[in-house]
Amino acid sequence: KCIVIHTIGKDRPGIVADVTRIVTAKGGNVGESHSQLLGGHFSLMMLVEIPSAENNNTTLEGLQDQLRKEVKGMSSAECLEAVDPRKVE
């Protein structure tokens with residue numbers, strides 16, 4: 001399943017590593033990503049692919065909750081179902 005993750009929060013070392021750790025722990029891969037430092041805030045968007053929810057008990061809501069709890073300093077974490085970029089013409 002392709003998912004767009006968008007997080008915003010206070011900048012600190014290790015944000016990208018924390019998000020990546022959560023994705024890879026679910027058997028997922030990070031595709032494209034974009035980050036931006038805005039004053040003292042950090043914004044991150046990632047296109048990730050995580051195996052189907054049945055295989056690893058992952059839902060968009062569950063992933064969002066995990067990101068909000070485990071990525072320190074995030075004021076927002078949103079997960080959206082994405083179109084598989086390999087299927088876009």
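Asp-18 counts as buried, at 18% relative accessibility. Buried here means under 20% relative accessible area, exposed means over 50%, and partly exposed lies in between (1.4 Å probe, protein chains only). The model is predicted: local features need pLDDT of at least 70, side-chain atom pairs count only at pLDDT 80 or more, and totals for chains, interfaces and linings use all residues. Residues are numbered from 1 along each chain as its sequence is written, and side-chain values use heavy atoms, with hydrogens and water left out.

Asp-18 forms a salt bridge with Arg-12. Their closest N and O atoms are 2.6 Å apart. A salt bridge is a side-chain nitrogen of Lys or Arg within 4 Å of a carboxyl oxygen of Asp or Glu. Arg-12 is partly exposed, with a relative accessible area of 22%. The structure holds three salt bridges. Another pairs Glu-70 with Arg-21, at 3.5 Å between the closest N and O atoms. Glu-70 lies in helix 3 and Arg-21 in helix 1, so this pair ties together parts 49 residues apart in sequence. Helices (H or I, at least four residues) and strands (E, at least two) are DSSP runs, numbered from the N terminus. Glu-70 is partly exposed at 37%, and Arg-21 is partly exposed at 40%. Arg-68 bridges to Glu-78, with the closest N and O atoms 3.0 Å apart. Here helix 3 holds Arg-68 and strand 4 holds Glu-78, so the pair ties together parts that are ten residues apart in sequence. Arg-68 is partly exposed at 38%, as is Glu-78 at 34%.

Helix 1 spans residues 15-25. Its buried residues are Ile-15, Asp-18, Val-19, Ile-22 and Val-23. They cover an arc of only 130 degrees around the axis, which puts them on the same side of helix 1. The arc is that of the directions from the helix axis to the C-beta atoms. Their cover includes strand 1 (2-10), strand 2 (29-38), strand 3 (41-49), helix 3 (60-70) and strand 4 (74-81). Just after helix 1, Gly-27 takes a positive phi of about 80 degrees.

In soluble globular proteins, nonpolar side chains tend to be buried together. The largest nonpolar core in this model has 18 residues. Such a core is a set of buried Ala, Val, Leu, Ile, Met, Phe, Trp, Tyr and Cys residues joined through side-chain atoms within 4.5 Å. Ile-3, Ile-5, Leu-63 and Leu-67 have the most contacts inside this core. Strand 1, helix 1, strand 3, helix 3 and strand 4 each give it two or more residues. Leaving aside neighbours within four places in sequence, Leu-63 is in contact (heavy atoms within 4.5 Å) with residues including Ile-3, Ile-5, Ile-22 and Cys-79.

Ser-43 lies in strand 3. Ser-43 counts as buried, at 14% relative accessibility. A polar contact of 3.3 Å joins its side chain to that of His-6. A polar contact is a pair of N or O atoms within 3.5 Å; within protein, one must be able to donate a hydrogen and the other to accept it, and residues adjacent in sequence count only if both atoms are side-chain atoms. Not counting residues up to four places away in sequence, Ser-43 also touches Thr-7, Ile-8, His-34, Ser-35, Gln-36 and Leu-38.

A disulfide is a pair of cysteine sulfur atoms within 2.5 Å. By this rule the count is zero. For Cys-2, the nearest cysteine sulfur is that of Cys-79, 13 Å away. Cys-2 is buried, with a relative accessible area of 9%. Cys-79 is buried at 5%.
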